[in-house]
Amino acid sequence: MTQQANWRRRGSYGIDAPFWVAFLAVMAVASLGLAILSGRVLSLLPGLFGLIVVAIFLHATLRGKFAVWSDLLDTLGLRGDERILDLGCGRGAVLLMAAQRLTTGRAVGVDLWRKVDQSGNSLEATRRNAVAEGVADRVELHTGDMTALPFEDSGFDVVVSSLAVHNIWGRAGREKAVSEAVRVLRPGGRLLIADVFWATRRYQAHLARLGMNAVARGWLGWRCWGAFLVTATKPERPL
Ligand SMILES: C[S@@+](CC[C@H](N)C(=O)[O-])C[C@H]1O[C@@H](n2cnc3c(N)ncnc32)[C@H](O)[C@@H]1O
């Protein structure tokens, strides 16, 4: 099996939530400028806090999430022949690292390619990254909505999602995406959803309601600050 312990990338993966980051950075710099003009040292604090938040976010999106997902994918102990689905794969940060752990298996990505959620997002950009990482032969890309997946039941051994489900508007939509992930997972298959802290408790409760086994939720640590991981296994018996 081709196993890449090193998470460093050859492709180009953009920045998550680029408009939000740009807005926060502009506000922080403007706040610092006003504070300097006012001459009051304490007035610097909001601007400094904003810049620290931006720095932490950029670190997570450019480096941290790659390192975290590399470790998570290693814990799955993949044989190499699995079918892995990445919901909201974007430019392929997780999808292509999963593909690097496969031989005869397939890494399948589905996305709506929303540029508001990730800079430079497009199916073509993801395909270029698959070529750059040397895994284009193991990767399938689909344009589709994760609340209505274009896949049959029980077709995947593993379903993953990184920082994507929270982008769906409304709790009902997000729960539909989680239900769809469960539907396309084979009995005994594993689900890993990493997402912002405010959304993941609902995913955990919904997965428990659906009858999934070993439902758990935990903090992803300083490398992906603000994000939690929800994991579950689909029971062998019908749900
Ligand atoms: C913040 S990006 C994360 C991308 C990738 N998972 C990563 O970690 O780099 C969120 C992704 O979710 C996708 N997305 C948002 N809503 C979606 C939906 N309803 N169905 C499919 N993809 C969606 C966006 O287009 C975007 O690519």
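**Close-up 1. Helices α5 and α6 pack against each other in this predicted model.** Helix α5 covers residues 171–184, and its axis sits 10 Å from that of α6, at an angle of about 50°. That makes α5 oblique to α6 (angles under 35 degrees count as roughly parallel, over 145 as roughly antiparallel, 65 to 115 as roughly perpendicular, and the rest as oblique). Axes here are lines fitted to C-alpha atoms, for helices over the stretch in contact, with angles running from 0 to 180 degrees between N-to-C directions. On the α5 side, look for Arg171, Arg174, Glu175, Val178, Ser179 and Val182; they meet Trp198, Arg202, Tyr203, His206, Leu207 and Arg209 of α6 (contact means heavy atoms within 4.5 Å). Sorted by class, that gives five nonpolar, two polar and five charged residues (Ala, Val, Leu, Ile, Met, Phe, Trp, Tyr, Cys and Pro are nonpolar; Asp, Glu, Lys and Arg charged; the others, Gly among them, polar). Helices (H or I, at least four residues) and strands (E, at least two) are DSSP runs numbered from the N terminus.

**Close-up 2. Helices α1 and α2 cross at roughly 155°.** The axes of α1 (residues 18–38) and α2 (residues 44–75) come within 8 Å, and the two helices are therefore roughly antiparallel. Their crossing is left-handed. Among the α1 residues that touch α2 are Trp20, Leu24 and Ile36, while the α2 side includes Pro46, Phe57 and Leu58. The class count for this contact is 17 nonpolar, three polar and no charged residues.

**Close-up 3. The largest pocket holds about 1000 Å³ of space.** Its lining has 42 residues, with Asp16, Ala17, Leu163, His166 and Asn167 closest to the centre. A pocket is an open set of points on a 1 Å grid over the protein atoms alone, where a 1.4 Å probe fits, with protein on both sides within 12 Å along at least five of seven lines; lining residues have an atom within 4 Å of a point. Helix α2 gives the most to the lining, six residues. The lining divides into 23 nonpolar, eleven polar and eight charged residues.

**Close-up 4. Leucine 163 and alanine 214 have positive phi values.** Leucine 163, at about 55°, sits in the loop between β4 (156–162) and α5. Alanine 214, at about 50°, belongs to strand β6, residues 213–219.

Residues are numbered from 1 along each chain as its sequence is written, and side-chain values use heavy atoms, without hydrogens or water. In this predicted model, local features need pLDDT of at least 70 and side-chain atom pairs count only at pLDDT 80 or more, while totals for chains, interfaces and linings use all residues.

Note on methods:
A crossing is left-handed if the near helix is turned anticlockwise from the far one by less than a right angle, and right-handed if clockwise. Grid points are joined across faces, edges and corners, and a volume is the space filled by probe spheres set on the points.
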